[in-house]
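Dear colleague,

Please find below the structure that I am handing over to you. A summary of the findings follows it.

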Amino acid sequence: MLSDRRSFLEKMSHIGALSLLPMAAASAAGSQAAADDSPTPSLEEKNHFVAGPYLQNMGTNEVTIMWITHKNCFSWVEYGAGTYTSKREFGYNNGLIEANNRINKITLTNLTPGTEHKYKIVSTEVLGYKGSKVEFGETIASPLYGFKTWAQNEDEFKMVVFNDIHDRPQIIPQLLYRHGYTGNTKDYDFVVFNGDCFDWVTEEQQMVDHLIKPSVDIFATEFPFLLTQGNHECRGSFSRHIPEYYAYPDNKYYFSFTRGPVHFIVLDSGEDKTDDSVEYGGLSAFDRYREVQKKWLEKEIESPEFKKADFRVLLIHISPYHSGDWHGTMHCRALFGPVLNKAKIDLQISGHTHRYMTHEPDADHNWPIVIGGGPLEGKRTLIKLHATRKQLDLKMIRDDGELVGKFLVPKKNK
C-alpha cells in the first residue's frame, strides 16, 4: 500500500496529475459507456466550474488563485512565466494535499516580480473512497489565463474602489465599463470592494452571483480584488463563511500590504450597532474585536514598511469621522482616531453613509477623507486612485460621469 501511494505521488511530480488522472477518468468513462446507455448527464449533474478563477492576495512574488467547483474535487494550478505552464501547485494543510472540497484556494509562491505569467485551473472529481483508495472521476480544465506580478519597486499603479453595492451586481459592469477604461484599455490593475457588497449574506450563490462572477467576467482572472468587511457583511446566516471564499493575510480582515509607493492599512470597522443589538442574537463581540485591532494598529504604524513608504492609505468601510454617531462609528473614533492622527496617514477611503463626500483635514483628523456613494442610481460612485512616487491622484466619479470629489496629495517629508 505504501509503495502504491509513493508510486502515485512520483507520477504526479514527474508527469503531472493532469496527464495521469484524465487517462484513468477516460478509461473509466469508456467502460461505463460500454456498459450503460443512460442519457448524458445535465450540467447540474456533471461537474463544472461554478465560479472562477479569481485572483487574491497579489504580491511581488506570489498570488492566490481561487475557484469553486460544482462537485468535490482534487484541484491544482498549472502555471509558468512567459507562455509556458511547466509548473504545478496544489493546496495542502497539515501535511495533507487538499482534496474532496469545492472551494479552492491555491497560493503560488516564489514568482518573479513584475513578470507575466500564464495559468489554468484543473479539477478532478473525487467520486469517493474505498478504504484507503481514492476513486477519481472526470477532469475539467479552464482556458489559459494570464496575470502579471507586481514589480519590486514599481513607481506607479492604478486602482478603483467600489463601496455599498448592496446586492446590485449590475453596478460592477456599469461603473467599470463607463468609467474604468481609457479607450479599450482598463484604467486600473487592482480593485477594492470597500464593504457592504451584500445586504444580508444568506448563501453561497448570493456571493457568486452578486460579486465573484461579475468580477471574473470583467477583470478578476487577470487582476486581483480585495473585499473589506462592511457592517452588512457581518449580517446573515452565511456571514461566518465569507472568509472561505476570499484570501486574506493571516485569515484576518485587518492587515497591511505595500503596492509600489503606497503602504495600505486595512481596518475592519465592524458593525455600527452595539454588541447586544437584536440583529445578532447576542453572538457578536465587535467592541473587543476593535480593541484588538487598535493594539495591532499601534504596532503597525511603527513598522519599517509603514515608516519608509512614500504614502500611507487607509481602507475602512465606516469612517471614524463624518459617519454619524452610531456606536460603531464612535467606538472606531475613540480607538483608531488618536493612533491614526499620530501615524500621518495621507488618505482614507471609506463608504457606509451612501452620501459621497470629501473632507479636508481638520481639528479632529489630520488627513483627508473620501466617502463613496450608495447603491441607488445617481448616487453610485467609482473611486479611482493613481499613485506615483510624487503624488496620489484621487478622483471620485458618479455613475453619470460627473466628477464629485478629488484630492491631489503630494509626497511629504516624513
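The notes below cover the basis of the model, the aromatic pairs, the salt bridges and one glutamine.

This is a predicted model, in which local features need pLDDT of at least 70 and side-chain atom pairs count only at pLDDT 80 or more, while totals for chains, interfaces and linings use all residues. Residues are numbered from 1 along each chain as its sequence is written, and side-chain values use heavy atoms, with hydrogens and water left out.

Aromatic pairs

A pair of aromatic rings is described by the distance of the centres and the angle of the planes. The structure holds 25 aromatic pairs (rings of Phe, Tyr and Trp, the last by its six-membered ring, with centres within 6.5 Å; planes under 30 degrees apart are stacked, over 60 edge-to-face, and the rest tilted). Phe162 and Phe193 form a stacked pair, because their ring centres are 5.2 Å apart and their planes stand at 20 degrees. Phe162 belongs to strand β10 (residues 157-162) and Phe193 to strand β13 (residues 191-193), so this pair ties together parts that are 31 residues apart in sequence. Helices (H or I, at least four residues) and strands (E, at least two) are DSSP runs, numbered from the N terminus. Both Phe162 and Phe193 are buried (under 20% relative accessible area; exposed is over 50% and partly exposed in between, with a 1.4 Å probe and protein chains only).

Phe193 also pairs with Phe225: the centres lie 5.6 Å apart and the planes are at 85 degrees, so the arrangement is edge-to-face. This second pair links distant parts of the chain, with Phe193 in strand β13 and Phe225 in strand β14, 32 residues apart. The relative accessible area is 0% for Phe193 and 2% for Phe225. Phe162, Phe193 and Phe225 are among the members of one aromatic cluster, which also includes Tyr54, Tyr177 and Tyr246.

Salt bridges

A search of the whole structure finds 23 salt bridges (a side-chain nitrogen of Lys or Arg within 4 Å of a carboxyl oxygen of Asp or Glu). One of them joins Asp272 to Arg235, with the closest N and O atoms 3.5 Å apart. Asp272 lies in the loop between β16 (262-266) and α5 (286-300), and Arg235 in the loop between β14 (225-227) and β15 (255-259), so the pair ties together parts that are 37 residues apart in sequence. Asp272 and Arg235 are both buried. The charged end of Arg235 also sits over the ring of Trp200, 5.8 Å from its centre (NZ of Lys or CZ of Arg within 6 Å of the ring centre and within 35 degrees of the ring normal).

Lys395 is bridged to Asp393, with the closest N and O atoms 3.1 Å apart. Lys395 is partly exposed at 35% relative accessible area, and Asp393 is partly exposed at 22%. In the bridge between Asp400 and Arg398, the closest N and O atoms are 2.9 Å apart. Here Asp400 is exposed at 51%, whereas Arg398 is buried at 17%. Elsewhere, salt bridges that share partners join Asp155, Asp310, Arg389 and Lys411 into one network.

Gln206

Gln206 is placed in helix α4 (residues 204-220) and is buried, with a relative accessible area of 8%. A polar atom of the Gln206 side chain lies 2.9 Å from the backbone oxygen of Trp200. Leaving aside residues up to four places away in sequence, Gln206 touches Asp167, Phe198, Asp199, Trp200, Val201 and Leu211 (heavy atoms within 4.5 Å).

Yours sincerely

Notes
A polar contact is a pair of N or O atoms within 3.5 Å; within protein, one must be able to donate a hydrogen and the other to accept it, and residues adjacent in sequence count only if both atoms are side-chain atoms.
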